[in-house]
Amino acid sequence: MKKFLFPILIATLLFSACTSRNDKNFMKATQLVKENKINLALKIYNDILRNDPTYVSALVNRALIYEKLGEEKMAQEDYERALDLAPNQVDLFNNVGAFYLDHKRPQLAKYYFSKALEIQPEYTPAYVNRANANEKLDKIDDALEDLHVALSLEPENIEIILSQAMLFYKKAMFAKALDGYSEVLAARPQDYRTYYRRALAFKMLGAYQNAFNDLNTALSMNNSYIPAIFARAELLFDKGDFESALSDLDVIKTIDNQYVPAYEFSGDIWAIEDSVKAGSNYIVAKKLDPANTKRYDAKIKLMRSDRGRQAVIKKKLERI
């Protein structure tokens, strides 16, 4: 499932403030954040908190700034202080959960999302975010259940429908994924990424022409969208149209000359009739992806014989 976090916007005066001067400064800092003047806003939040260490909204917004600046420890400290001061604020628990999710601590993130739901059982953002945490914990059924509840609360929320469809795909429930993607596209017909996603579902269901059509539609909207170009190259290869597949892979190389899969796939196709061109593509892939040197060296070695080249081709055909 694509990472999906509802934006947590701290209201100008989410919590009761103490002085009119602090309130005015807070509003000024909030405006500066909107103008992307982060450092100036941070200075004002620091001034507010020196005057009033219990000004929770300033703590939360300063934590958000620390996150943007990569100051994880200071952001964590501000969140923890805010939670001590406002232990029943559902948005705050959701914010803290999102913070830990961003920092690859899904179990802890899940705890905070669950706390938010204890306070407000119909709080949709926490269900969606907890689904994200559950997915990262490889608890796909739990993630789907969270999204099911979220959709019961907001049945027309397209982002939730999309997230659910992506989880269905991950769980190999391709027909349900297809239905979800189609619902998203009915609402957002210019969403080229979802045409690509639906194409993959069509392919898994054996509807290759539909998959091809969706990929072409995606590329008519964004002709430099590499995932769709690569997926179309795979379909073309599967159909035996090696020349067109290579053409798509060459296009990818002009868009991103460091996209390793395009070089390896090109090598696999050239292995059919030109071991030299195949080897040259594997050499580029090895240079760009040294972590997999052994695999590329093995393929280069296989190019020395017809039997070796056929082994590469057969393996590629079995993958697609």
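Biologist: Where is the place of Asp138?

Modeller: Asp138 sits in the loop between α7 (124-136) and α8; helices (H or I, at least four residues) and strands (E, at least two) are DSSP runs, numbered from the N terminus. The phi of Asp138 is near 65°, a positive value in a residue other than glycine. This is a predicted model, in which local features need pLDDT of at least 70 and side-chain atom pairs count only at pLDDT 80 or more, while totals for chains, interfaces and linings use all residues. Residues are numbered from 1 along each chain as its sequence is written, and side-chain values use heavy atoms, with hydrogens and water left out.

Biologist: Is Asp138 buried or exposed?

Modeller: Buried means under 20% relative accessible area, exposed over 50%, and partly exposed in between (1.4 Å probe, protein chains only). Asp138 has a relative accessible area of 61% and is therefore exposed.

Biologist: In which loop does Asn36 lie?

Modeller: Asn36 belongs to the loop between α1 (20-34) and α2 (38-51). Asn36 is not a glycine, yet has a positive phi of about 65°. With a relative accessible area of 60%, Asn36 is exposed.

Biologist: How are two packed helices described?

Modeller: One gives the angle between their axes and the distance between the axes. Axes are lines fitted to C-alpha atoms, for helices over the stretch in contact, and angles run from 0 to 180 degrees between N-to-C directions. Here, helix α8 (residues 140-153) packs with helix α9 (residues 158-170) at an angle of about 155°, the axes being 10 Å apart. That makes α8 roughly antiparallel to α9; angles under 35 degrees count as roughly parallel, over 145 as roughly antiparallel, 65 to 115 as roughly perpendicular and the rest as oblique.

Biologist: Which residues of α8 and α9 make the contact?

Modeller: Contact means heavy atoms within 4.5 Å. Among the residues that make it are Ile140, Leu144 and Leu147 of α8 and Ile161, Leu167 and Phe168 of α9. By class, the contact of α8 with α9 has 10 nonpolar, three polar and one charged residues. Ala, Val, Leu, Ile, Met, Phe, Trp, Tyr, Cys and Pro count as nonpolar, Asp, Glu, Lys and Arg as charged, and the others, Gly among them, as polar.

Biologist: At what angle do α11 and α12 pack?

Modeller: Helix α11 (residues 192-204) and helix α12 (residues 208-221) pack at about 165°, with axes 8 Å apart. The two are therefore roughly antiparallel to each other. In their contact, residues of α11 including Tyr195, Ala199 and Phe202 meet residues of α12 including Ala211, Leu215 and Ala218. By class, this contact of α11 with α12 has 10 nonpolar, two polar and three charged residues.

Biologist: How is a pair of aromatic rings described?

Modeller: By the distance of the centres and the angle of the planes. Rings of Phe, Tyr and Trp (its six-membered ring) pair if their centres lie within 6.5 Å; planes under 30 degrees apart count as stacked, over 60 as edge-to-face and the rest as tilted. By this rule the count comes to 14 aromatic pairs. Phe237 and Phe242 form a tilted pair, 5.1 Å centre to centre with 45° between the planes. Phe237 is buried, at a relative accessible area of 1%, whereas Phe242 is partly exposed at 31% relative accessibility.

Biologist: Which residues do ring pairs link into a cluster?

Modeller: The cluster consists of Tyr79, Phe93, Phe99, Tyr100, Tyr111 and Tyr112.
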